[in-house]
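Please look over the sequence and the structure shown here before reading on.

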Amino acid sequence: MSTSGSFSIPKTVVLVGLMGAGKTCIGKKLAQELDLPFVDADVEIEKAAGCSIAEIFEEHGETYFRDGERRVIQRLLAGPVQILSTGGGAFMDVITRETIKEQGISLWLRADLDVLVERTARRNHRPLLQNGNHREILARLIDERYPVYAEAEITTDSAEGSAEITLQRVLAALKDYCSRLAGQEHCSPLAQAD
């Protein structure tokens with residue numbers, strides 16, 4: 001458990017959202033702000049596999065990748081409280097989503113299409129964007145994934161421009177969530193029955 005100011009983080013905060021939403025950038029800043037370790041699930045997957053995510057996709061396919069991703073996230077959630085950034089498809093896996101709900105606090109960094117297109121245009125390492133128009137692929141992923149991401153316990157919009165704005169939004173939402181959670185935990189079954 002970590003404390004920041006007037007609230008404590010009881011479980012690992014798991015950042016979910018599409019590529020380009022800012023999960024790594026905000027995750028690192030959040031970890032620093034809360035004095036917690038930051039872990040990028042994609043980096044851990046690459047370490048475990050001994051090759052890049054693009055190579056895993058190319059050589060073994062997405063199903064194989066998702067199996068490995070599920071195992072790595074389960075292992076990380078079993079460890080100490082931390083800030084965990086996940087790949088865009090991780091929360092789409094039913095088992096991974098249930099594990100996150102049980103052992104972590106899911107936080108969706110939601111971003112609109114224009115922001116995602118602009119941010120992903122800067123890098124060319126994303127396997128799902130290799131074949132086709134970035135805007136069309138991201139629009140399709142928004143349609144497919146946003147209804148599932150909406151199951152996250154906390155939703156915060158990823159702002160254009162300064163990451164500091166998004167960080168402050170995340171901190172406020174997390175503080176509010178943890179305050180509500182602490183209030184529920186202090187209620188006894190007898191008090192709830194009244």
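This is a predicted model: local features need pLDDT of at least 70, side-chain atom pairs count only at pLDDT 80 or more; totals for chains, interfaces and linings use all residues.

## Salt bridges

A search of the whole structure finds 12 salt bridges. In one of them the side chains of Glu 44 and Arg 75 meet, with an N to O distance of 3.9 Å, and this pair links distant parts of the chain, since Glu 44 belongs to helix H2 (residues 41-49) and Arg 75 to helix H4 (residues 62-77), 31 residues apart. Glu 44 counts as buried because its relative accessibility is 16%, under the 20% limit for that class, whereas Arg 75, with a relative accessible area of 46%, is partly exposed.

Helix H4 also holds Arg 70, whose side chain meets that of Asp 93 in a salt bridge of 2.7 Å, N to O. The two residues are 23 apart, and Asp 93 sits in the loop between strand E5 (83-85) and helix H5 (94-103); both Arg 70 and Asp 93 are buried.

A further salt bridge joins Glu 151 and Lys 101, whose closest N and O atoms are 3.0 Å apart. Because Glu 151 lies in the loop between H7 and strand E7 (154-157) while Lys 101 is in helix H5, the pair ties together parts that are 50 residues apart in sequence. Glu 151 is partly exposed at 37% relative accessibility, and Lys 101 is partly exposed at 28%.

## Aromatic pairs

The structure holds four aromatic pairs. Among them is the tilted pair of Trp 108 and Tyr 149, with 5.7 Å from centre to centre and 55° between the planes. This pair, too, links distant parts of the chain, with Trp 108 in strand E6 (residues 104-110) and Tyr 149 in helix H7 (residues 134-149), 41 residues apart. Trp 108 is buried, having a relative accessible area of 4%, and Tyr 149 is buried with a value of 0%.

Tyr 149 also forms a tilted pair with Tyr 146, at 5.9 Å centre to centre and 45° between the planes. Tyr 146 and Tyr 149 are three residues apart in helix H7, so about one helical turn separates them. Tyr 146 is buried at 14% relative accessibility, and Trp 108, Tyr 146 and Tyr 149 form one aromatic cluster.

## A negative patch

On the surface, Glu 46, Glu 55, Glu 58 and Glu 59 gather in a patch of negative charge. Helix H3 (residues 53-60) gives the most to this patch, with three residues. Glu 55 is found in helix H3 and counts as partly exposed at 37% relative accessibility.

Key
Residues are numbered from 1 along each chain as its sequence is written. Side-chain values use heavy atoms; hydrogens and water are left out. Patches are made of residues with over 30% relative accessible area and no salt bridge: like charges are joined within 9 Å, nonpolar side chains (Val, Leu, Ile, Met, Phe, Trp, Tyr) within 5 Å. Accessible areas come from the Shrake-Rupley method with a 1.4 Å probe; for residues, only the protein chains shown count as cover. A salt bridge is a side-chain nitrogen of Lys or Arg within 4 Å of a carboxyl oxygen of Asp or Glu. Lys and Arg count as positive and Asp and Glu as negative; His and the chain ends are not counted. The place of a charge is taken as NZ of Lys, CZ of Arg, CG of Asp or CD of Glu. Helices (H or I, at least four residues) and strands (E, at least two) are DSSP runs, numbered from the N terminus. Buried means under 20% relative accessible area, exposed over 50%, partly exposed in between (1.4 Å probe, protein chains only). Rings of Phe, Tyr and Trp (its six-membered ring) pair if their centres lie within 6.5 Å; planes under 30 degrees apart count as stacked, over 60 as edge-to-face and the rest as tilted.
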